[in-house]
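This report goes through one protein model part by part. Please look at the sequence and the structure first.

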Amino acid sequence: MTDAMFCFQCQEAAKGTGCTIKGVCGKDSELAALQDILLYMVKGVATLHLTARQNGLICEEAEMYIMNSLFATITNANFNKTVFYNRIREGLTWKTHIRQQLEEMGVDLNLSSLQHDAVTWYPRTDEDIASKWIKASVLATEQEDIRSLKELLTYGVKGMAAYAEHAAQLGYRDPEVHAFIDRALAATLEDQIAVDEWLSLIMTCGKYGVQVMSLLDQANTSTFGHPEITKVNIGVRQRPAILVSGHDLKDLEELLKQTEGTGIDVYTHSEMLPAHYYPAFKKYEHFVGNYGNAWWKQETELEMFNGPILFTTNCIVPTKKPYVNRMYTTGQAGYPGAVHIEERKAGEPKDFSMIIEHARRCEPPVQIEEGEIVGGFAHHTVLGLADQVLEAVQSGQIRKFFVMAGCDGRMKSREYYSDFAEQLPEDTVILTAGCAKYKYNKLPLGDIGGIPRILDAGQCNDSYSLAVIALKLKEALGLEDINELPISYNIAWYEQKAVIVLLALLHLGVKDIHLGPTLPAFLSPNVAKVLVEQFGIAGITTVEADMAAFLSHAEQ
Ligand code: SF4
Ligand code: SF3
């Protein structure tokens, strides 16, 4: 396998340009190459499936393969090389299957769109697989702007696939989302797409981003109820416990059921915190609280937790600490050395007995903090408070809302977001979702006439809730344009789910989004220029300068 790598898909891309020796996330060159090669295989399968689709044939299993594989290549989701080798081989089965179906239907397999190497490639050995990296690498597209547009679309689609996967776990799917994923992946193999067409595909990606987040919102709320205003305990009690991280609520539900009455407690970590807001989970007395902070603090916090940890999705921090022996993964998450809990079989729940047995042998968690944090301000709750909120806006008690959604991360420059939250004037309210909230959700920012100054809607996918709130406010205030609202966007990003959230906001017409702590490395200067000119996208500078600029807009 190659020693070279090139990856610039996340905010931590080395030197702001790309990781070339080892990923800052901990991914080595072999894993990076395998992820690129899987993506290449998936693009081939999607192109074949697009042709099948155009001929009236849809294979939902192939769609699942594409979706799951995209999800597995998201930053920090899966570090297990064996999974990637297996997935690449599985792609061959799908290629053969779809080809056969096309042949039976009499479709001409000599179509030019089916002659791309990614479609015709049938590796026989692991060496064949490994030798494909040069062609599969993002650097294979030489023209920098086209590469940038292609990757912006690809990362948007990865984020879309992650949300589609969560919805699918709950039995919700949107055929249009899968059709778009095929179309987008097939486009990335084409050479003759003009810049305008790329931009239009990217905007369409935002449209389906809204659609997939709305689907997931529907899946979550109809399965688990509407999030409610909730005080979440951040302390511990003295019983052995399991920690659940990631975003998958179905996994959490099954684990809660299987641990009920066993004497084992369950806590959330990082992005699983918002699970406490759902009525369906409140009934579990052993669902104790949230332990710790955002994903990047794992190495200290998981060590102190003492019990087993279940990773349902990203973000995993590679570690050499002894708690590796307590790590479990499931779904698209994976880590070498961690036990992987297998998929559900024929309507049966996942079998968490091994992790439960493991918890019995462990000490209770060490307390790292105590108290409560408040959340549960998804669209249903906030719209229930609409009169109160509108009155506060109209009377000037609330001057401005700041959407500070997105991701947290380990870069020191992210302290900007804590400082920004702390320095916001007292007549402003933060709307948040995603793990970005950990930069300020324990600050005593108080409330405005009973409305907390930090309104947490939930996970990163619940950024959709923030869009719904904005659209409703616009309607209630009788405004023409979403940008006339007293809302500013100061968003932190890290991985590819943030890319689909961003594209969704652009699709909804939101302008002047500030994105930090750095702009994506995959935006070439020209592509960044287009985003600045057409959408007013900007980076961040200093808290003082940005605050002054945001608030001067408020006065206009
Ligand atoms: Fe680097 Fe991010 Fe890619 Fe990891 S995912 S290799 S940190 S750009
Ligand atoms: Fe966080 Fe990984 Fe993005 Fe889901 S858990 S927001 S970074």
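The C-alpha centres of domain 1 and domain 2 lie 29 Å apart. To the contact between them, domain 1 gives 18 residues and domain 2 gives 18 residues, where contact means heavy atoms within 4.5 Å. The two domains bury about 1500 Å² between them, and 53% of this is on carbon and sulfur atoms. Buried area here is the accessible area (1.4 Å probe) that two parts lose on being put together, summed over both. On the side of domain 1, N76, F79 and Q169 lose the most area to domain 2, together 36% of what that side buries. The domain assignment of the chain gives domain 1 (14-222), domain 2 (230-360) and domain 3 (384-555); such bounds come from an automatic or database assignment.

The model is predicted: local features need pLDDT of at least 70 and side-chain atom pairs count only at pLDDT 80 or more, while totals for chains, interfaces and linings use all residues. Residues are numbered from 1 along each chain as its sequence is written, chains are lettered from A and ligands numbered from 1 in the order in which they are written, and side-chain values use heavy atoms, with hydrogens and water left out.

**Ligand 1**

Which residues surround ligand 1? They are M5, C7, F8, Q9, C10, A13, C19, G23, V24, C25, K27 and T75, a residue being near a molecule if one of its heavy atoms lies within 4 Å of it. By class, this shell has eight nonpolar, three polar and one charged residues. Ala, Val, Leu, Ile, Met, Phe, Trp, Tyr, Cys and Pro count as nonpolar, Asp, Glu, Lys and Arg as charged, and the others, Gly among them, as polar.

An unreviewed UniProt entry places the feature "binding site" at C7, C10, C19 and C25. These are spread over 19 residues of sequence, yet they cluster in space, with a largest C-alpha distance of 10.6 Å. UniProt positions follow the numbering used here, feature names are shortened, and annotations may be inferred rather than shown by experiment.

C10 is found in the segment before α1 (29-54), and C25 also lies in the segment before α1. Helices (H or I, at least four residues) and strands (E, at least two) are DSSP runs, numbered from the N terminus. Leaving aside neighbours within four places in sequence, the contacts of C10 include T75 and Y494, and those of C25 include T75, N76 and Y494.

**Ligand 2**

The residues around ligand 2 are H247, E271, W295, N314, C315, G406, C407, C435, C460, Y494 and E495. Six are nonpolar, three polar and two charged. At least three residues of the shell come from each of domain 2 and domain 3.

C407 lies in the loop between β9 (400-403) and α16 (415-423). The unreviewed UniProt entry annotates C407 as "modified residue: Cysteine persulfide". Beyond four places in sequence, C407 contacts residues including C435, Y494 and E495.

**Accessibility and backbone**

Buried means under 20% relative accessible area, exposed over 50%, and partly exposed in between (1.4 Å probe, protein chains only).

| Residue | Relative accessibility | Class |
|---|---|---|
| C407 | 6% | buried |
| C10 | 9% | buried |
| C25 | 10% | buried |
| N76 | 3% | buried |
| N306 | 22% | partly exposed |

Most residues other than glycine have a negative phi, and most peptide bonds are trans. N76, in the loop between α2 (60-72) and α3 (81-104), has a positive phi near 70°. N306 has a positive phi of about 75°. A cis peptide bond joins N314 and C315, with omega about 15°.
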